[in-house]
Amino acid sequence: MKTTAKVTVIFGVGLLTACNFNQSVAKDLMTGLETRGNGLSANTVSVTDGDTDVMDNTFLYGQKIFTNFEGMDGFLVENGKYYPEMGVAVISKQGDTVLKNEHILGGKGLDAALRTLTGNVTLATPIQSGDSYTVLYTITDTKGDGVFTSEFELDLKSDPVIKREEKGLTVKEAYIFDQDTKKVRVNGTIGFDNNVLLDVQGLEGYRMVDGKPNLGMSLNVTDKKGRTILNMDDLFENRPLKEADIKRGLGATLKVNKGATTEDVVWTVKIWDKNSDATVRLTAKVSIEN
C-alpha cells in the first residue's frame, strides 16, 4: 500500500454574520497553536485526532490530525453565500515545504449558514517520522481582504509498538493500517475479523542482480505462550518482484477471526534479500479488541 499525504475540508453548520474587520492574535499555551486574524475571526480553533482535542505536540506516523476553525466571521456575503479559500503547507524543521495546497476549496461559494471550516492532514509520505514540522493554514475571503491563519508545530515519531531488527536491510516507515476502517492503528490494538496490514515503506539495502531484486517475506503470529497461530514461510515465493513494487511499499495482511484466540498476539514479519544475507525483522505485540 502506498500512503500519500491528504488534505480535505469539512463544513459545519451555523450562522455567518456580516463583514467584521478586526484583528486578533491568540496562542494556546499547552499546544502552542497560534492564530492570527485580520478582517476574519474564529470563535474557537482547535487541533484534534478526529475524536478528541490533542493535548501535546507529539504524533505517530500515519495519524490524521484535524484543525477546526469554528464560528468564523468577517466574510463578505453575496446572495446568501460567502467565498472562502483555504490553503495548507507543511514545513519541515529544515525549512523545506513537504506538502502544499493553496486551493483546497476551489473558490466555490458556500451557504452563509456554514461557518465552521476544518482541514486535515495525514502525517504520512512525503512527511517522515523522526522530524519536526509546522502545519500552516491560511483562510482568505476571495470577495474581500480578510485573512485568518493558524500555525501548529509538531514532532512525528514512528510507532513504538513495532520493534525493528535491521541487519543490512533498513526500513523508513512501518505501521499497522486497518484496511476496513481505513485508519492507522497507533495504540497497539487490532479488531477481530478486520484486515490489518503491517505496511513497510522505504525498504533499502537489497542487492540487484541482473537489474532485478529478489526478496523473501515471512509472516508468523503466536500467542503470548509462544503457540503458533499462523505461519507463512515466504509470501513472495514464485512471485517475481520489480523494484517499482518495493518502492510502492511492501506489507503483510493479518486477519484474526473470533474464536481463534482471546490473548495478545505477537506479529512478526521478516524480509530477507535472496541476493545477499541482509534481513530486517519487524515485531509487533498487539491486543485484539472485541
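Reply: Where pLDDT is low, predicted coordinates should not be read in detail. This is a predicted model, in which local features need pLDDT of at least 70 and side-chain atom pairs count only at pLDDT 80 or more, while totals for chains, interfaces and linings use all residues. Residues are numbered from 1 along each chain as its sequence is written, and side-chain values use heavy atoms, with hydrogens and water left out.

Me: What is the mean pLDDT of the protein, and where is confidence lowest and highest?

Reply: The mean is 87, and 91% of the residues reach 70 or more. Confidence is lowest in strand S1 (residues 7-12), with a mean of 42, and highest in S12, at 97.

Me: How many helices and strands does the protein have?

Reply: Helices (H or I, at least four residues) and strands (E, at least two) are DSSP runs, numbered from the N terminus. The protein has one helix and 23 strands. Its C-alpha trace spans about 65 × 45 × 35 Å along the principal axes. Among contacts between residues at least 6 apart in sequence, 70% join residues at least 24 apart.

Me: Which residues does leucine 154 contact beyond its neighbours within four places in sequence?

Reply: The partners of leucine 154 are Asn57, Phe59, Ile65, Leu123, Asp131, Ser132, Tyr133 and Val135.

Me: How should I read a sheet, and in what order do the four strands of the open sheet lie?

Reply: Two strands pair if DSSP finds at least two bridges between them. The open sheet has the order S16-S15-S18-S21, with antiparallel pairing. Strand S16 (183-185) and strand S21 (250-254) are its edges, each pairing on one side only. Direction ignored, neighbouring strands are turned by 35° against each other on average; the angles are taken between axes, lines fitted to C-alpha atoms (for helices over the stretch in contact), on a scale from 0 to 180 degrees between N-to-C directions.

Three bridges join S15 to S16, where phenylalanine 177 has valine 184 as its bridge partner. Six bridges join S15 to S18, and isoleucine 176 stands opposite leucine 198 in S18. S18 and S21 pair over five bridges, with leucine 250 in S21 as the bridge partner of valine 200.

Me: Which way do the side chains of S18 point?

Reply: In a regular strand the side chains alternate between the two faces of the sheet. Val196, Leu198 and Val200 point one way from S18, and Leu197, Asp199 and Gln201 the other way; all are buried.

Me: How is a pair of aromatic rings described, and how many pairs are counted?

Reply: The description uses the distance of the centres and the angle of the planes. Rings of Phe, Tyr and Trp (its six-membered ring) pair if their centres lie within 6.5 Å; planes under 30 degrees apart count as stacked, over 60 as edge-to-face and the rest as tilted. The count comes to five aromatic pairs. The ring centres of tyrosine 61 and tyrosine 175 are 5.3 Å apart and their planes stand at 55°, so this pair is tilted. Tyrosine 61 lies in the loop between strand S5 (58-60) and S6, and tyrosine 175 in strand S15, so the pair ties together parts that are 114 residues apart in sequence. Tyrosine 61 is buried, at 2% relative accessible area, and tyrosine 175 is buried, at 1%.

Key: Contact = heavy atoms within 4.5 Å. pLDDT = per-residue confidence, 0-100. Buried < 20%, exposed > 50% of the residue type's maximum accessible area, 1.4 Å probe, protein only.
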